[in-house]
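Hello,

Here is the structure I promised to pass on. Please open it first, then read my notes beside it.

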Amino acid sequence: MAVPLIQSYRVGRYIIGQKLRGNRRYPLVLMLEPLFRCNLACAGCGKIDYPDEVLDKRLSVEECIGAAEECGAPIVSIAGGEPLIHKDMPEIVAGLIERKRFVYLCTNALLLKKRMGDYQPSPYLTFSVHLDGNEHRHDDSVCQPGTYKRAAMAIREAVENGFRVTVNCTLFQGEGAEEVAGFLDDCKAMGVEGVTISPGFNYERAPQQEVFIKRQASRQLFRDIFRLGKERKAKWKFNQSSLFLDFLAGNQTYQCTPWGNPTRNIFGWQKPCYLLVSEGYAPSFRALMEETPWERYGVGNNSKCDQCQVHSGFEPTAVNDTFAHPLKALKVSLFGPRTRGPMAPDMPASPPGPGSERPVFPLRVER
């Protein structure tokens, strides 16, 4: 089991409370982006091509804590940009932990060794380190050689110092099952708590659209990965629900649950999720939940969403299914995702319509 018992208990209690109150839509993870500035220029990222006046903006400590209180989600994933650049990040993390939020501090780990002393090991704090595959794949993905080795060294040091550490991995076009299996073996050897893995999504601000995997190819890739894991008795640990992994392997038909991971960034509360940036912003969390036309989004409802299988949208769906069908979830947890036989029907793609075309954004990234 990758997630500590205290986190499973508190999150489970929160979900049961929401269901008992009859809440159909509720947040599970707050995606907090207190800045967009980063010290890398990754091929699949569209954050750092904003103008400098945007990249220089920061959410204050009060705004970050206020967003967590306003939202109420038990987990806060702090991303960006590179959060460790934010000078007030230790105070933000401490304030969230004081309020019993489980914090996943997402980082490329280039500053982790230098800033590690600003934090204390806690069951409420996890360093979620971005590694997109093995050394060659990761360095190519982030467009800077040597980053994998630096991140791996920081991971080992953080683990040795008693911190919770996970790896956040996005798979892109051209990766094979053997290669990914080797990467998961490496993560296990580093001693990380678990791996959060999902296919990359060709969201509209991404500068290189051709690097992303299509849904059907992604489903087969994950089947092949999980099959290798079973054959090798690898016992990889994932920081995800068993039914989300089953969904990745093509065994579940799920629709996106975008309100499960609402995003608060320097512009406001983003509609409907952190991947679609041209849909506008709400002035408050309540407005986001009540005024967003949720029915317009998701696979089959919006052509921008049709290729998405990202955990931020589909993990909340899998968690809901876990509570609705606990025996099914337990079976997958014990035996792993099915890797042979017919796949579950996929959601139909949405028909083309007005406004479905992807906008073109200028690219300001120098490789």
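Strand S1 covers residues 29-33, and five of its five residues are buried, so the strand is mostly covered. Bear in mind that this is a predicted model.

Which way do the residues of S1 point? Val 29, Met 31 and Glu 33 point one way. Leu 30 and Leu 32 point the other way. In a regular strand, side chains alternate between the two faces of the sheet.

S1 has strand S2 (residues 75-78) as a partner, in the parallel sense, over four bridges. Leu 30 has Val 76 of S2 as its bridge partner. Leu 32 stands opposite Ile 78 in S2.

S1 also runs parallel to strand S7 (residues 263-265), and three bridges join them. Here Met 31 stands opposite Thr 263 of S7.

**Strand S3**

Now move to strand S3, residues 102-107. Six of its six residues are buried, so S3 is largely enclosed by the rest of the structure. Phe 102, Tyr 104 and Cys 106 point one way from S3. Val 103, Leu 105 and Thr 107 point the other way. S3 pairs with S2 in the parallel sense, over four bridges. Look for Ile 78, which stands opposite Leu 105 in S3.

**The whole sheet**

These strands belong to an open sheet of nine strands. The order is S6-S5-S4-S3-S2-S1-S7-S8-S9, and the pairing is mixed. Why is one side of S6 and of strand S9 (281-282) left without a neighbour in the sheet? Both stand at the edges with a single partner strand each, so one side of each has no neighbour there. Helix H8 packs on the sheet and touches S5 and S6. The direction of H8 makes about 170° with that of S5.

**Helix H9**

Helix H9 has 18 residues, 215-232. What span should we expect? At 1.5 Å a residue, H9 should span 26 Å. Its end C-alpha atoms are 26 Å apart, which agrees.

An α-helix has 3.6 residues a turn, so residues three or four places apart point the same way.

**Two helix pairs**

Helix H1 (residues 5-20) meets H12. Their axes come within 12 Å and cross at roughly 75°. H1 and H12 are therefore roughly perpendicular to each other. In H1, the contact uses Gly 12, Ile 15, Ile 16 and Lys 19. In H12, it uses Val 319, Asn 320 and Phe 323. These residues divide into four nonpolar, two polar and one charged.

Helix H6 (residues 135-142) packs on helix H7 (residues 147-160) at an angle of about 110°, with their axes 8 Å apart. That makes H6 roughly perpendicular to H7. Glu 135, His 138, Asp 139 and Val 142 of H6 meet Thr 147, Tyr 148 and Lys 149 of H7. This contact divides into two nonpolar, two polar and three charged residues.

Best wishes

Methods: Residues are numbered from 1 along each chain as its sequence is written. This is a predicted model: local features need pLDDT of at least 70, side-chain atom pairs count only at pLDDT 80 or more; totals for chains, interfaces and linings use all residues. Side-chain values use heavy atoms; hydrogens and water are left out. The expected span of a helix is 1.5 Å times one less than its number of residues. Buried means under 20% relative accessible area, exposed over 50%, partly exposed in between (1.4 Å probe, protein chains only). Two strands pair if DSSP finds at least two bridges between them. Axes are lines fitted to C-alpha atoms, for helices over the stretch in contact, and angles run from 0 to 180 degrees between N-to-C directions. Angles under 35 degrees count as roughly parallel, over 145 as roughly antiparallel, 65 to 115 as roughly perpendicular and the rest as oblique. Contact means heavy atoms within 4.5 Å. Ala, Val, Leu, Ile, Met, Phe, Trp, Tyr, Cys and Pro count as nonpolar, Asp, Glu, Lys and Arg as charged, and the others, Gly among them, as polar.
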